[in-house]
Structure formats: C-alpha cells, structure tokens
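These are my notebook entries on a single chain. I set down what I looked up, in the order in which I looked.

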Amino acid sequence: MFNHTRAVQIAKSIGKSVYMQLSARRRARLSRTLARSGRMPIAILFYHRVADDVVNNWTISRRGFVRHLDWLEQHFDIVGLDEAQLRIQSSYNNRPTVAITFDDGYAENCDFAIPELCRRNIPATYFVASQFVKTGDPFAHDVKAGFPLVPNSIDELRDISSRGIEIGAHTKTHADLGKIHDDAQVRDEIIGGARELAEWIRRPIRYFSFPFGLPQNMSQAAVDIVSEAGFRGFCSAYGAWNWPSNPGFHLRRIHADPDLESLRNWLTFDHRKLRDRARLPFSEQPRTAGREYCQKTEPIPCGSLPSCAVVSPQVGSSESYKAL
Ligand SMILES: [Zn+2]
C-alpha cells in the first residue's frame, strides 16, 4: 500500500537537499565572515531517545545517531555545556562549536547512546525529570501517544554520571512551568527535582532545562528561581544559535532528533535563522551570581568504565522562535 507519510518524508528530504545546494555558497560566505570576525555562534543540540524501536519525533535510530556524531566530529568542536557557556560569554569565538544534551531520561539511551558517546570521548549533559526515575512510570506524553516508554532508573543515572556525562535537572514531573503560577509548586519542581538528582548521584546539579522549552513554557518567576537556586544556566528548546558576548545564562538549543539533512541545514548557518527573533517572557540575566547548587554533596569516583574519559566538570542563547 502506498505510504503517504513516507512519500512526504522523501519529498521533504529532496526539498532540503535542493535548498542546501542552492544556498551552499551563501552559507560558506557567511561562515567565513563569522569566523573572521570572531562571531561564530555556538550550537547546543538536544536529543531525547536513541533506539531502533518505536519511531517517533523524539527518537532517533542508532544509525542516525552515529551519522550525526560522525558529521559533528568532522566539522565542530564538540564541547561540554560549561565550555559552550564560556565561549558564549566570551567576546570572541572563531571555532565551529557544538554541545550535546539529552532531555527526559529514557532507559534505552543506556543501551547505545551513552556508551557510544563515552567511546568517542564526547561530553554531554543529560537532563532528567526525577519523578519518573523514582516511580518507573512512563511520561504522560508517551502514554498519550500510545508508547509507554521506560524511563531511566536511579542505578542507570548513577552509571551515566560515573561515566562523565553530566546530569541536569528537568523538573520533577515534566511540568509545563509556563502554566504553573504557584511559587511553592514551581520551586518544588525546579529545586526539588534537582535535589533528588543530586542526592542520587551525589554530585552537584548545575544546569536546568525547561520541559517543552518554548517561550510560553517559561516565566520570569521560574527563571528567577533557577537563578536564585544557583544554577549556572538554563536551557530552552526552540531552535536557535547562541552568539558570543551573550550573557550565557539562557542557553538556546536546537532539536537534533530529526534526520541528518535537517541538522546540517540548521548548523551550516541557514540565513533564515538570522531573521526570526523571539519575544521572551523573561529577563536573560541571572538575578544572583554563581552559587552552585547542592555543593555539599560528596563526590564519587569517576570512570566506572575504563574506556570512558572522565569529562572534567562539565558542563551549559540567538534568537529564532521557530520550533524545529
Ligand atoms: Zn522534556
């Protein structure tokens, strides 16, 4: 039977390929100009789940993930979130730079994605919603989609952390913080979730990512709580670059789950990305300076697997408002 969805995918892929070819010279020119002027933007990617079963918009196949990493390693410095943040806060960056993050915390990532990142010594930050780790319950959006996927366990988080992948906070219940107006509840989601993670892995939680991550899913009150709690930065999820000389507290990310053509399109300076500007419902400056959260937790030995590099304390803004 003719598969309409597949036909649409093929048509889109051809369209992207043609667009890439037609805009290649313009992209290359823009890239050279940005590098020469030290204005090379920093890209932060976010994935969710790497697996070959249950194909959905937040799952990339193992082969697809390998193709991404191969291409990224060839063309970019792949850095941790803290190095990306330093390059954003610097007034000069002439290096193509990308950082990798994951959201939510799916069990299957321990089967391939995490070992593959470690094998390549690629740093990453792994944002987790704590309640699902504790209960083992699937995410509501997965249940709604008919795929009750398994979340990571506490032991898996400890293993991921011990391999040098930084664990970040993603609320307790994957709450839409743009819709919660009770201060205590927002605090519990942000700080309570981070505290649980820190206690489990016995390491500081330095970065926070907003569930759903669009401007309407955030608020000034939530950002202020993130700042007051001492997080180094927070991630959004609406597809944009981070420019040198930005405050670097708000870290903009690009959805990396789709195919390689989409990724190449966004990361090779699609000029359309320079046009759109988001109106943000919050100030991008942190209200308080630099107190790290949960510093009192005891560190644990790193590198449970000999083949993994111990990524040194790791790691975490542009402006297009276009969900990818
Ligand atoms: Zn999420």
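**Strand S1 and its partners**

I began with strand S1, which runs parallel to strand S5 (residues 97-102) and is joined to it by 6 bridges. Strands here are DSSP runs of E of at least two residues, and helices are runs of H or I of at least four residues, numbered from the N terminus; two strands pair if DSSP finds at least two bridges between them. The model is predicted: local features need pLDDT of at least 70, side-chain atom pairs count only at pLDDT 80 or more, and totals for chains, interfaces and linings use all residues. Residues are numbered from 1 along each chain as its sequence is written.

Isoleucine 42 stands opposite threonine 97 in S5. I also found S1 paired in the parallel sense with strand S11 (residues 254-255) over 2 bridges, where histidine 255 is the bridge partner of phenylalanine 46.

I then checked burial (buried: 20 or more other C-beta atoms within 10 Å of the residue's own, with C-beta atoms placed from the backbone). Because 6 of the 6 residues of S1 (residues 42-47) are buried, the strand is largely enclosed by the rest of the structure. Ile42, Ile44 and Phe46 cover one side, and Ala43, Leu45 and Tyr47 the other.

In helix H10 (residues 220-228), I noted Val226 as one of the buried residues. Just after H10, glycine 230 takes a positive phi of about 95°.

Notes
A residue is buried if 20 or more other C-beta atoms lie within 10 Å of its own, exposed if 12 or fewer, and partly exposed in between; C-beta atoms are placed from the backbone.
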